[in-house]
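Q: I have a model open and would like to learn how to read it. Could we go through it feature by feature?

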Amino acid sequence: MAIFEKAFAKTIKAEGGYVNNPNDKGGETYMGVTRKNYPNLKLWTIIDDIKKQSTDKKYINNCLKNNIGVKNEVKVIYKHNYWDPLHLDLVNSQRVAEQLFDNAINCGITATIKLMQKAKNMKVTGKMSNELIDKYGKQSRTK
């Protein structure tokens, strides 16, 4: 069965650290989590406190890199909002689960479910079903 921790570790490498690009619609972001979408997270209080000392992106990232609380807060968001709705713990292939997880992060849950349904020649509804979970849980194991 697929393991969330492995997928999360890869995702965080791709999502990166703290960014505040004025041209980015998401605005202020840490590890792919935007202040716009999650304004009440404790991580923003921590980041705001760090920014009182320096607004330098490298400095902020250095201060945050070993903060387990911040990483765990981000991890909960990814697991609850992207991994769990797709029941990826039940997918036998880690590689497939990671691809679906990444797709959900970038395209959304509904679009990913539709992709899963198309791949299994099912009626495309965009809604998770036991049948879809069963079809992905019966895949052969791959590394």
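Q: Which elements have the lowest and the highest mean pLDDT?

A: The general idea comes first: where pLDDT is low, the predicted coordinates should not be read in detail. Here the chain averages a pLDDT of 91, and 96% of the residues score at least 70. Among the elements, α7 has the lowest mean, 87, while α6 has the highest, 96.

Q: Next, the sheet. What is the order of its strands?

A: The order is β1-β2-β3, in an open sheet of three strands with antiparallel pairing. β1 (18-19) and β3 (33-34) are the edge strands, each pairing on one side only. For a closer look, take β2 (residues 29-30): its antiparallel pairing with β3 runs over two bridges. There, tyrosine 30 sits opposite valine 33 of β3.

Q: How should I think about the core, and which residues touch the most other members?

A: In soluble globular proteins, nonpolar side chains tend to be buried together. In this chain, 36% of the 143 residues count as buried. The largest nonpolar core has 36 residues, and those touching the most other members are Tyr30, Leu43, Val74, Tyr78, Trp83, Leu88 and Phe101. The elements giving two or more residues to this core are α1 (4-15), α2 (42-51), α3 (57-64), α4 (68-83), α5 (94-107), α6 (109-119) and α7 (130-137).

Q: Tyr78 is on that list. What is tyrosine 78 in contact with, leaving aside its neighbours within four places in sequence?

A: Tyrosine 78 contacts Phe4, Phe8, Thr11, Ile12, Glu15, Met31, Gly32, Val33, Trp83, Phe101 and Ile105, with those sequence neighbours left aside.

Q: Thr11 turns up among those contacts. Is threonine 11 buried or exposed?

A: Residues count as buried under 20% relative accessible area. Threonine 11 has 8% relative accessibility, so it is buried. This residue lies in helix α1, and beyond its neighbours within four places it contacts Tyr78, Phe101 and Ile105.

Q: And why does valine 96 count as buried?

A: Valine 96 is buried because its relative accessible area is 15%, which is under the 20% cut-off. Its place is in helix α5. Valine 96 also shows how sequence and space can part ways: alanine 7 is 89 residues apart from it in sequence, yet the two are 10 Å apart in space, C-alpha to C-alpha. For the chain, residues 24 or more positions apart account for 52% of the contacts with a separation of 6 or more.

Q: Last one, the pockets. Which residues lie nearest the centre of the largest pocket?

A: As a general idea, rolling a probe the size of a water molecule over the atoms shows where empty space is left. In this model the largest pocket holds about 260 Å³ of space. Its lining has 14 residues, with Glu15, Gly32, Val33, Thr34 and Tyr78 nearest the centre. Two or more lining residues come from each of β3, α4 and α5, and α4 gives the most, with three.

How values were computed
Residues are numbered from 1 along each chain as its sequence is written. This is a predicted model: local features need pLDDT of at least 70, side-chain atom pairs count only at pLDDT 80 or more; totals for chains, interfaces and linings use all residues. Side-chain values use heavy atoms; hydrogens and water are left out. A nonpolar core is a set of buried Ala, Val, Leu, Ile, Met, Phe, Trp, Tyr and Cys residues joined through side-chain atoms within 4.5 Å. Buried means under 20% relative accessible area, exposed over 50%, partly exposed in between (1.4 Å probe, protein chains only). Helices (H or I, at least four residues) and strands (E, at least two) are DSSP runs, numbered from the N terminus. Contact means heavy atoms within 4.5 Å. Two strands pair if DSSP finds at least two bridges between them. pLDDT is the predictor's confidence in each residue, from 0 to 100. On a 1 Å grid over the protein atoms alone, a cavity is a set of points where a 1.4 Å probe fits but cannot get out, and a pocket is an open set with protein on both sides within 12 Å along at least five of seven lines; lining residues have an atom within 4 Å of a point. Grid points are joined across faces, edges and corners, and a volume is the space filled by probe spheres set on the points.
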